[in-house]
Amino acid sequence: MVNKIKPCVTAVVGSYWGDCGKARIAGFEGSDAVLSLRTQGGNNAGHTVYYNGDKIPLHLVPGGIIYPQATAIICHGVVVDPKVLLEEIKLLSKYVDITPTKLIISDRAHIIMPYHIDLDKLQEEKRGANKIGTTNRGIGPCYQDQAGRIGLRFQDLFRQKEDLQNKIKLILKFHSNELETIGIKYTVEEIYDYCIDIREKLKVWIGNPDNLIAKTLQEGGKIVIEGAQADHLDILSGDYPNCTSSQCNPSGVLSAAGIGPLYAKKVIAVMKAYCSRVGNGPFPTELSGKEGDIIREFGHEYGTTTGRPRRCGWLDLVAFSPLRGYSDICLNHLDTIGLIGKELGHIKICTSYKYQGNETKIFPSNMEVTKEIPIPNYHIFEGGWEIPKNCKTFEELPKKAKEYIEFIENYTGVPVTYIGVGPNNEDTIVR
Ligand code: IMO
Ligand code: MG
């Protein structure tokens, strides 16, 4: 008998440089999902969920875990710092009973080890003026070990003692010399002890989630993938080398769970009504001076993971990739941009660039080589708006705000289905 594929996966992904409010929409979509998945990245992500008014900052566990019907899975594409995960489980336990059926950590997920964090700092120092501005969480070095096929995965923790020690010896052969240059030395014994400690603390949640995922896909049960980072930070299609080390574009977040593309039902591009970026790399609409400061202050643009002030600028529709196949847009901070417009007297949206002497509507792929940042051409909206209290529908939005949204839809061809009009989850308009 042949089995017809039922598309049932909703992927929530960032379409620019992250920090766009993915958790809000992941939570909204997760409220009736059977499975909530994190598939890539690690605790470089910062996602805030709310439970009965309490703010729960999460970095690893998918926020959908707070819903009674959902199982949360940390899939094999995620790199996991066990200490951070344990803290998160402790925090979440105040709200949810984290049983072994409530949370599953893939036994193939790679472990961020203490030496990865040292190496992250060391590599940033070595880059000198070409620093990426990483989150210093060991993300890059852990994925390097994965690609180099010397990574330590959760299943390795269950090896026989000698076997695990041999694996650790092999890993140290690759890293010891480099670590010694900054006076850091790890012994096989201390790493082995660390492994056993985390195995004992996490073992009830470690397993192979593939059967459960396969069964849910077969039944057409709703699966939500909570993407981390965002399109421009993707290691393959993003702003290399100023990106993260995982694939965070729509196909990447599916692939990182081993889920094939035909299962995708919805791909939601999450963005703000302006742009922000942390760390280095090209940002054509970045504003220095007063305008940038106003966006930062009005939008509270300071990192949840690192506390760093974010670089801020106007919404850039050229940087919104037409290749990804988004089904919907979730536009956050529509209230904020309206107030910014009132303060500054205008709002701008970038619609093309001047780059290498030509006008283009494609985000350049070779800025690292040309060392040229495109000059944005803007569509200008006069004034701003204030969202009326208890605004629940698109129709109730101020005329100028509706025009702003329709402009984005006409340019991208993607419907703006979700609109964030305030800081709380309830302040979301769904069309
Ligand atoms: P969420 O999921 C914004 C950025 C870092 C740095 C680059 C590489 O909260 O949107 P890494 O530590 O990953 O090697 O750093 O990527 N970066 C993020 N920026 N939001 C994130 O996640 C990010 N995760 C990584 O600032 O420039
Ligand atoms: Mg972030």
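Because the model is predicted, local features are reported only at pLDDT of at least 70 and side-chain atom pairs only at pLDDT 80 or more, whereas totals for chains, interfaces and linings use all residues. Residues are numbered from 1 along each chain as its sequence is written, chains are lettered from A and ligands numbered from 1 in the order in which they are written, and side-chain values use heavy atoms, with hydrogens and water left out.

Ligand 1 is surrounded by 20 residues, a residue being counted if one of its heavy atoms lies within 4 Å of the molecule. The closest of these are Lys-22, Asn-44, His-47, Thr-135 and Thr-244. By class, the shell comprises seven nonpolar, ten polar and three charged residues; here Ala, Val, Leu, Ile, Met, Phe, Trp, Tyr, Cys and Pro count as nonpolar, Asp, Glu, Lys and Arg as charged, and the others, Gly among them, as polar. A side-chain N or O atom of Lys-22 is 2.7 Å from an oxygen atom of ligand 1. For Thr-135, a polar side-chain atom lies 2.6 Å from a ligand oxygen, and for Arg-308 the corresponding distance is 3.0 Å. Taken alone, ligand 1 exposes 550 Å², of which the protein buries 98%; accessible areas come from the Shrake-Rupley method with a 1.4 Å probe, and for residues only the protein chains shown count as cover.

Lys-22 also belongs to helix H1 (22-30), where helices (H or I, at least four residues) and strands (E, at least two) are DSSP runs numbered from the N terminus. Eight of the nine residues of H1 are buried, that is, under 20% relative accessible area, as against exposed at over 50% and partly exposed in between (1.4 Å probe, protein chains only). The buried residues of H1 are Lys-22, Ala-23, Arg-24, Ile-25, Ala-26, Gly-27, Glu-29 and Gly-30.

Pockets and cavities were located on a 1 Å grid over the protein atoms alone: a cavity is a set of points where a 1.4 Å probe fits but cannot get out, a pocket is an open set with protein on both sides within 12 Å along at least five of seven lines, and lining residues have an atom within 4 Å of a point. Grid points are joined across faces, edges and corners, and a volume is the space filled by probe spheres set on the points. The largest pocket has a volume of about 840 Å³. It is lined by 30 residues, and those closest to its centre are Gly-21, Tyr-50, Gly-299, His-333 and Pro-423. At least two lining residues are supplied by each of H1, strand S3 (47-51), strand S4 (54-58), helix H9 (290-299) and H10. The lining has nine nonpolar, 13 polar and eight charged residues.

Four cavities of 30 Å³ or more are present, and the largest cavity holds about 60 Å³ of space. Its lining includes Trp-17, Cys-20, Met-271 and Tyr-274, and strands S11 (264-272) and S12 (274-277) are the elements that give two or more residues to it. Seven nonpolar, three polar and one charged residues make up this lining.

Several backbone features were also identified. Most residues other than glycine have a negative phi, and most peptide bonds are trans. The bond from Tyr-240 to Pro-241 is cis, with omega near 5 degrees, and Pro-241 lies in the loop between strand S10 (223-226) and helix H8 (250-255). Positive phi values occur at His-333, near 65 degrees, and at Asn-390, about 60 degrees. His-333, in the loop between strand S14 (328-332) and helix H10 (334-344), is partly exposed, with a relative accessible area of 23%. Asn-390, in the loop between strand S17 (375-382) and helix H12 (399-412), is exposed at 65%.

Definitions and conventions. A polar contact is a pair of N or O atoms within 3.5 Å; within protein, one must be able to donate a hydrogen and the other to accept it, and residues adjacent in sequence count only if both atoms are side-chain atoms.
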